[in-house]
Amino acid sequence: IECLSRIRNELQDSYSFWTFGKKRPTELPEWISFFEFPSNQKLIELYNETAIFMVTSDYEGWGLPGSEAMACGACLLSTDTGGVHAYAANDETAVICPRGDGDSLTANLLSLAKDNDRRVRLATAGHDHISQYTWNNSSDMLIRCINEHSSKFMGQERL
């Protein structure tokens, strides 16, 4: 919230902000729109309208909202949640900041907001990269892995 307040003051009304979840947090300012349990269709609409999607968690495994936003064309700005590295690379497909470093988060958000070429380059690269994560590709990789290692453990025929 502090980061967004600083950005809001700097950029005036150039950007609007939103978040979603179970229940609106009491500390969330009124100028941040809140969507309670949005439908999948509503989330897709929100992601598609978003230029920069921020994930500020301290830790996450696979960050579904970040990867969903990338799939919809948003530029991902994330703290180093650990799991973000499974689907994003700093300054290649996203911007990844140290956890707990509000100054870095603010500086990077401001940089992306002011540098449209960089934002679009990262959003495009992120979209292209995350688009490789399909059920077909995942099942093909699993089958290859099973085939490569099954004889070591089971002495069975390949799939």
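Helices (H or I, at least four residues) and strands (E, at least two) are DSSP runs, numbered from the N terminus. By that rule, the chain has six helices and five strands. Read from the N terminus, the elements run α-β-β-α-β-α-β-β-α-α-α. This is a predicted model, in which local features need pLDDT of at least 70 and side-chain atom pairs count only at pLDDT 80 or more, while totals for chains, interfaces and linings use all residues. Residues are numbered from 1 along each chain as its sequence is written, and side-chain values use heavy atoms, with hydrogens and water left out.

Start with the overall dimensions. The C-alpha trace spans about 65 × 30 × 25 Å along its principal axes. Of the 159 residues in the chain, 34% are buried. Buried means under 20% relative accessible area, exposed means over 50%, and partly exposed lies in between (1.4 Å probe, protein chains only). Contact means heavy atoms within 4.5 Å. Among contacts between residues at least 6 apart in sequence, 45% join residues at least 24 apart.

Now the sheet. Two strands pair if DSSP finds at least two bridges between them. Three strands form an open sheet in the order β3-β4-β5, with parallel pairing. β3 (52-55) and β5 are the edge strands, each with a single partner, so one side of each has no neighbour in the sheet. Neighbouring strands are turned by 15° against each other on average, direction ignored. Axes here are lines fitted to C-alpha atoms, for helices over the stretch in contact, and angles run from 0 to 180 degrees between N-to-C directions. β3 and β4 pair in the parallel sense over four bridges. Ile52 stands opposite Cys75 in β4. Helix α4 packs on this sheet and touches β3, β4 and β5; its direction makes about 170° with that of β4.

Next, the interior. A nonpolar core is a set of buried Ala, Val, Leu, Ile, Met, Phe, Trp, Tyr and Cys residues joined through side-chain atoms within 4.5 Å. The largest such core has 20 residues, and those with the most contacts inside it are Ile7, Ile52, Leu77, Val95, Leu109 and Leu112. At least two core residues come from each of α1 (2-11), β2 (32-36), β4 (75-79), β5 (95-97), α4 (102-114) and α5 (116-130). The largest share, five residues, comes from α4. What does Ile7 touch, not counting residues up to four places away in sequence? Its partners are Gln12, Phe17, Thr106, Leu109 and Leu110. A second, separate core of 14 residues includes Tyr47, Met70, Ala94 and Ile130.

Turn to the largest pocket. A pocket is found on a 1 Å grid over the protein atoms alone: an open set of points with protein on both sides within 12 Å along at least five of seven lines, and lining residues have an atom within 4 Å of a point. Grid points are joined across faces, edges and corners, and a volume is the space filled by probe spheres set on the points. The largest pocket has a volume of about 1100 Å³. It is lined by 39 residues, and the closest to its centre are Leu4, Trp18, Thr19, Phe53 and Met54. α1, β1 (17-21), β2, β3 and α4 each supply at least two residues of the lining.

Finally, the backbone. Most residues other than glycine have a negative phi. Phe37, not a glycine, has a positive phi of about 40°. Phe37 is in the loop between β2 and α2 (40-48) and is exposed, with a relative accessible area of 60%. Asp91, also not a glycine, has a positive phi of about 60°. Asp91 lies in the loop between β4 and β5 and is partly exposed, at 36% relative accessible area.

Notes. On a 1 Å grid over the protein atoms alone, a cavity is a set of points where a 1.4 Å probe fits but cannot get out, and a pocket is an open set with protein on both sides within 12 Å along at least five of seven lines; lining residues have an atom within 4 Å of a point.
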